[in-house]
Amino acid sequence: MSDIADQRLEAMRKFAQRSLENHRHPHIGEFYKRCLEENAPVFDPPHELTENTFYRAPRSDQLNIADIACLGLPMDVSAPYHGGQKFAPNALREASCTHGPIHDRWNVIPFDMCRVIDYGNVVFSRPHDTQQTVQDIYETICEIDDAGVVPFSVGGVHTVSHPVLKALGRKEPVGLIHIDAHADTMAGEMQGEELSDGAVFRNAVLDSGIDPARTVQIGIRGFATHYWDFSYDSGMRVITMDDFDEMGLKNVLAEVHEIIGDGPCYLTLDCDGIDANYMPGTQLPEPFGFTSREVRNLIRGLRGLDLIGADIVELCPLVDVRGTSANLMAALGFEILCLLSEARAERTGEINKTHW
Ligand SMILES: [Mn+2]
């Protein structure tokens, strides 16, 4: 072999020895070293995990030493078609172990910006009682918010977002980015229930949780569109799936940023906003929706907004197909965790590391 070839091979051998501690992005190397020191499981292969938590965050109920609380809201009542959404938090914990801890485009590490915890699942006092379950969620989110902690909730049916927003909007109604096939603003009762997953955002407006003038609903389509007069009457911006196709992502994002502005806002992601073929695991899968990349890029485009909380709802593992829906939601959930971490760091000027 020639000298030059030898030298090249020698260089390749050196590259091949580079370990994660010595990553070409120094902050990744530092994070990896810290995880080794703290026995943090975030780089462990999934088959070695004995306990699943959201994105392998430490399990804790100590809000006084947390910045972001990931929690399960396993609400299974008030949906029109079928239940099973209560299994979503645990399915998402399991699916989340192959997502993160480093954002693959921005190299952002939420655990290096915020103290992230898995706060567990809320235990409902009367799980078949819609009113009481909504009240239990409201009280839990008030506690989290009073502690200055950002809630990242995994439902449950979409009904959970109403008490969350009622709690977060206590001082002032917040802005809302709502990704969904359905606007969920229907008037009156659904199957005898005012607090249904079809009326979440009407109820959130009436309880001063959200400001309709700072609300954008994106991806709206399908069989129930005649129910959404309240969205238009109250001044929400409804961007249907057809609008999205005609406007394109760039223009949609420009409008979202203009409507939401600098004020506090919340992101709610109903998984049926995503096309039924990418998202079979939900109660009302809707065709003609977002592809997985479209919805990811839409969420990424929310970077810079002052997000004070978020949720993922309506995942139903009982009708999922080989875990594809849970896997996609877990991937999108990590995108959201990155946004929440950046927004909190920016808002407070604080950088706190998660410790295991
Ligand atoms: Mn919904």
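A crossing of two helices is left-handed if the near helix is turned anticlockwise from the far one by less than a right angle, and right-handed if clockwise. Keep that handy for the first exercise.

The model here is predicted: local features need pLDDT of at least 70, side-chain atom pairs count only at pLDDT 80 or more, and totals for chains, interfaces and linings use all residues. Residues are numbered from 1 along each chain as its sequence is written.

**Exercise 1.** Work out how H4 and H5 cross, and which residues meet there.

*Solution.* Start with the elements: helices (H or I, at least four residues) and strands (E, at least two) are DSSP runs, numbered from the N terminus. The axes of H4 (residues 130–146) and H5 (residues 161–168) come within 8 Å and cross at roughly 35°. Their crossing is right-handed. Now for the contacts, which need C-beta atoms, placed from the backbone, within 7 Å. From H4, Val134, Ile137, Tyr138, Ile141, Cys142 and Asp145 meet His162, Pro163, Val164, Lys166, Ala167 and Leu168 of H5. Sorted by class, the contact of H4 with H5 has nine nonpolar, one polar and two charged residues. (Ala, Val, Leu, Ile, Met, Phe, Trp, Tyr, Cys and Pro count as nonpolar, Asp, Glu, Lys and Arg as charged, and the others, Gly among them, as polar.)

**Exercise 2.** Is Ile102 buried or exposed?

*Solution.* First find Ile102: look in the loop between helix H3 (88–95) and strand E2 (116–121). Then apply the cut-offs: buried means 20 or more other C-beta atoms within 10 Å of a residue's own, exposed means 12 or fewer, and partly exposed is in between, with C-beta atoms placed from the backbone. Ile102 has 21 C-beta neighbours inside 10 Å, so it counts as buried. Leaving aside residues up to four places away in sequence, Ile102 touches Ile28, Asn107 and Ile109.

**Exercise 3.** Find the buried residues of H10 and say what they pack against.

*Solution.* In H10 (residues 292–300), the buried residues are Val295, Leu298 and Ile299. Down the axis of H10 they fall within an arc of 95°, so they line one face of the helix; the arc is that of the directions from the helix axis to the C-beta atoms. Their packing partners are strand E4 (174–179), strand E5 (210–220), helix H9 (249–260) and helix H11 (324–348).

**Exercise 4.** Zoom out: how many helices and strands are there in the protein?

*Solution.* Count 11 helices and eight strands. Buried residues make up 51% of the 356 residues.

Note on methods. Axes fitted to C-alpha atoms, helices over the stretch in contact; angles between N-to-C directions. Contact = placed C-beta atoms within 7 Å.
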